[in-house]
Amino acid sequence: MASIELYNKPDFFYREECFSILAVNAWELLLKARILQLSSNSLHSIAEYDNPQTDQGKKSKVRKKLRNRAGNVQTIGIFKAYDLLVSDFSEPMHESIRKNLEALVEIRDNSVHLINKGLDLERKILEIGTATLNNYIKISRQWFGSDLSKYNIFLMPIAFIREIPKAEGIVLNGEERNIANYFSSLNKELRKENESDFNTALSIEIKLKRSKEDSAVKFSISNDPDAVSVKLEEADIREKYPWSYQLLTEKLKQKHGPLFKTNEKYHKIRKELEKSDKYCMVRLLDPGNAKSSKMRFYNSNILKEIEKKYFE
């Protein structure tokens with residue numbers, strides 16, 4: 001919860017580093033908790049052991065617990081805990097969990113010694129972090145029956161928590177380039193992954209949806225060059241403008257029967273409404289050819305406007 005809360009702060013410029021450090025800590029505690037659960041709560045199961053040297057300079061056959069500078073028993077690390085669950089306790093762990101943890105720890109290690117700068121790195125960390133939370137929620141429910149639904153466990157998309165800086169290019173130093181290349185190699189492996197409940201990284205998509213909720217974020221179409229740009233892909237456009245001229249006309253005929261005629265009045269009202277992007281979008285039938293024939297597609301809201309003007 002601490003890692004999520006820090007990441008989602010609106011004005012906090014060390015979010016990726018703090019998130020990765022705390023998220024790795026949360027995962028290590030979760031893995032150790034599972035080992036304790038499976039070993040009758042024996043602390044010996046998560047202790048770190050070593051074979052100290054004898055007076056003759058040889059390794060002793062007697063294993064002893066390692067202790068830290070404060071004299072407390074050292075416990076195993078995150079990957080040793082993971083491997084112990086798989087090998088000694090035959091815990092079925094999906095490979096995607098291991099890959100995600102490796103990526104998360106790589107971010108953590110770079111965070112402790114460096115700073116992860118650059119928008120592209122931030123985006124990849126968001127994808128890996130989202131998969132981390134997804135995996136954590138599912139496996140904690142699977143192991144302990146934990147219900148985390150009462151918490152807001154999600155990472156806010158970068159655009160919602162930070163103003164995206166304008167830049168013609170991102171220059172990476174040697175260390176940043178290495179971690180960027182590591183993420184790129186992960187992407188190649190992700191394409192080979194089979195579908196499962198667990199993920200190494202998750203792509204982030206933002207969709208606009210009509211809502212009457214008071215908490216919904218308001219937005220408007222704008223020609224302001226300084227406004228945040230939103231790219232509409234073909235599937236999004238067809239979802240917003242699903243009706244052809246034939247379908248629109250047929251809808252009106254079905255609804256009003258003989259009261260509605262495809263006359264000059266109808267065409268005049270429709271053409272006037274077509275001037276607004278709110279009701280109509282003109283698309284090239286061949287997007288790659290500027291001289292291609294055009295076709296109009298309509299938003300379903302145009303029907304009410306036509307009815308209002310046609311029957312007034």
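## Exercises on a predicted chain

Both Arg34 and Glu91 are buried; that word stands for a relative accessible area under 20%, with exposed for over 50% and partly exposed for anything in between (1.4 Å probe, protein chains only). Before we work on that pair, note that this is a predicted model, where local features need pLDDT of at least 70 and side-chain atom pairs count only at pLDDT 80 or more, while totals for chains, interfaces and linings use all residues. Residues are numbered from 1 along each chain as its sequence is written, and side-chain values use heavy atoms, with hydrogens and water left out.

**Exercise 1. Work out which parts of the chain Arg34 and Glu91 tie together.**

Step 1: A salt bridge puts a side-chain nitrogen of Lys or Arg within 4 Å of a carboxyl oxygen of Asp or Glu. Side chains of opposite charge can pair when their charged atoms come close.

Step 2: Apply it. The closest N and O atoms of Arg34 and Glu91 are 2.8 Å apart, and the two form a salt bridge.

Step 3: Arg34 sits in helix α2 (residues 15-38) and Glu91 in the loop between α3 (78-87) and α4 (95-113), so the bridge ties together parts 57 residues apart in sequence. Helices here are DSSP runs of H or I with at least four residues, strands are runs of E with at least two, and numbering starts at the N terminus.

**Exercise 2. Describe the salt bridge of Glu95 with Lys99, then the one of Arg296 with Glu274.**

Step 1: For Glu95 and Lys99, the closest N and O atoms are 3.6 Å apart. Both residues belong to helix α4, four residues apart, or about one turn.

Step 2: Check the cover. Glu95 is exposed because its relative accessible area is 52%, whereas Lys99, at 15%, counts as buried.

Step 3: Arg296 and Glu274 meet at 3.1 Å, N to O. This pair links distant parts of the chain, with Arg296 in strand β4 (residues 294-298) and Glu274 in the loop between α10 (264-273) and β3 (280-284), 22 residues apart.

Step 4: Cover again. Arg296 is at 42% and so counts as partly exposed; Glu274 has 13% and is therefore buried.

**Exercise 3. Sort the residues of α10 by side: which are buried, and which are exposed?**

Step 1: Tyr266, Ile269, Arg270 and Leu273 are buried in α10. They cover an arc of only 95 degrees around the axis, which puts them on the same side of α10; the arc is that of the directions from the helix axis to the C-beta atoms.

Step 2: Glu264, Lys268 and Lys271 are exposed on the other side of α10.

Step 3: The cover over the buried residues of α10 includes α9 (245-256), β4 and α11 (302-310), with contact meaning heavy atoms within 4.5 Å.

**Exercise 4. Count the disulfides.**

Step 1: A disulfide needs a pair of cysteine sulfur atoms within 2.5 Å.

Step 2: By that rule the count is zero.

Step 3: As for cover, Cys18 is buried at 17% relative accessibility, and Cys280 is buried at 3%.
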